[in-house]
Amino acid sequence: MNFYVLIASLLASSVEFIEALSIVLAAGVVYGFRPALKGVFYGILTLALLVAVLGEGILRVIPLQILQGIVGILLLLFGLKWIRKAILRYAGLKALHNEEEAYEKQISRLKASNKGSFEAQATAYNGVVLEGLEVVVIILTMGSGAHAFGSAIAGAAIGLGLVLLLGISLRAPLAKVPENTLKFVVGVMLTSFGTFWAGQSMGITWPLSDATLLLLIAGYVFISLLSIRMLKKEGVRAS
C-alpha cells in the first residue's frame with residue numbers, strides 16, 4: 001500500500017464527489033431520492049468499468065519510465081491549474097467556489113424542467129460521471145505512475161464512501177467543508193507527484209527517495225503562499 005498515493009487519491013476524489021453530491025441531492029430533493037440513487041449507482045458502475053478496462057493494461061502497453069514521464073507532465077498540468085485557481089481565490093482575484101449556491105441553482109433548473117423521475121436519474125448519472133471522470137484520470141495517472149493502482153482505487157473508494165455517508169446523513173450539500181482549501185491541498189499534492197515522477201523519468205535520482213515528496217509539497221506550499229501575499233499587495237497598491 002502506497003500511503004502517499006492513497007491520501008492524494010482520497011483528497012482529490014473527495015473534491016470531485018462533493019461537487020457531484022450537490023447535483024445528486026438537488027435531483028433527489030426535487031424528484032425523489034430513489035431515481036437519483038439509481039443514477040448514482042449506474043454512474044459509479046460506469047466509472048468502475050473504465051478503471052477496470054484501462055487500469056493495469058496501461059503498464060503492459062507502455063514502459064514504466066515513459067509512463068512516469070507522461071503521467072508526471074499530466075499531473076503537473078492538472079495540479080498547477082488547481083493551485084493557480086486557489087492562489088487567485090485567496091488573493092481575492094477570483095470568487096470562492098460556493099457549493100450551496102451551486103446546489104440552489106441546480107434545484108431551480110430541475111424545477112423549471114419538470115420532467116419527473118427520469119430527469120432525476122439522468123441528472124444524478126451525468127453528475128457522477130462528469131465529476132467522476134476526473135477521479136478516473138487521477139486513479140489511472142497516480143496508479144500507473146507509482147505502480148500502485150490498489151492504493152489509488154482504495155483512496156478514491158474511501159473518499160466516495162465518506163462523501164456518500166455525509167451526504168445521506170445530512171441530505172444537504174457539504175457547504176461547510178472547506179472545499180477551496182481542499183482543492184489547494186490537492187493541487188499541491190498532484191503538482192508534487194508530477195514533479196517527482198517527471199524527474200524520475202528523466203533519470204533524476206531523488207536524494208531522499210519517496211520522502212522527497214514531502215519537501216516538494218512544502219516547497220509548493222511556500223511558493224503558493226508567497227504568490228498570494230504578493231498578489232494581495234499588488235491589489236492594495238492598485239486600489
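Residues are classed here as buried under 20% relative accessible area, as exposed over 50%, and as partly exposed in between, with a 1.4 Å probe and protein chains only as cover. The model is predicted, so that local features need pLDDT of at least 70 and side-chain atom pairs count only at pLDDT 80 or more, while totals for chains, interfaces and linings use all residues. Residues are numbered from 1 along each chain as its sequence is written, and side-chain values use heavy atoms, with hydrogens and water left out.

The chain contains nine helices and zero strands, where helices (H or I, at least four residues) and strands (E, at least two) are DSSP runs numbered from the N terminus. Its order along the sequence is α-α-α-α-α-α-α-α-α. Of the 239 residues, 46% count as buried. The accessible surface, computed by the Shrake-Rupley method with a 1.4 Å probe, comes to about 12400 Å², and 68% of it belongs to carbon and sulfur atoms. Contacts are defined by heavy atoms within 4.5 Å; among those between residues at least 6 apart in sequence, 85% join residues at least 24 apart.

In soluble globular proteins, nonpolar side chains tend to be buried together. A nonpolar core is taken as a set of buried Ala, Val, Leu, Ile, Met, Phe, Trp, Tyr and Cys residues joined through side-chain atoms within 4.5 Å. The largest such core has 50 residues, of which Leu75, Met142, Val186, Phe193 and Trp197 touch the most other members. At least two residues each are supplied by α1, α2, α4 (64-90), α5 (99-113), α6, α7 (149-170), α8 (179-201) and α9 (212-238). The greatest contribution, 14 residues, is that of α1. Another core, of six residues, lies apart from it and includes Ile83, Ala86, Ile87 and Phe184. Beyond its neighbours within four places in sequence, Leu75 is in contact with Leu80, Thr141, Met142, Leu190, Thr191, Phe193, Gly194 and Trp197.

Ser14 lies in α1 (residues 3-31) and is buried, at 9% relative accessibility. A polar atom of the Ser14 side chain is 2.7 Å from the backbone oxygen of Leu10. With neighbours within four places in sequence set aside, Ser14 is in contact with Gly159, Val163 and Leu182. Gly159, in α7, is buried with a relative accessible area of 0%. The C-alpha atoms of Gly159 and Val15 are separated by 8.6 Å, although the two residues are 144 apart along the chain.

Thr212 belongs to α9 and is buried, with a relative accessible area of 5%. Residues up to four places away in sequence not being counted, Thr212 touches Phe196, Trp206 and Pro207.

The elements giving two or more residues to the patch are α2 (33-54) and α6 (117-145), and α2 provides the largest share, three residues. Leu50, in α2, is partly exposed because its relative accessible area is 31%.

Key:
Polar contact = N/O pair within 3.5 Å; in protein donor to acceptor, adjacent residues only side chain to side chain.
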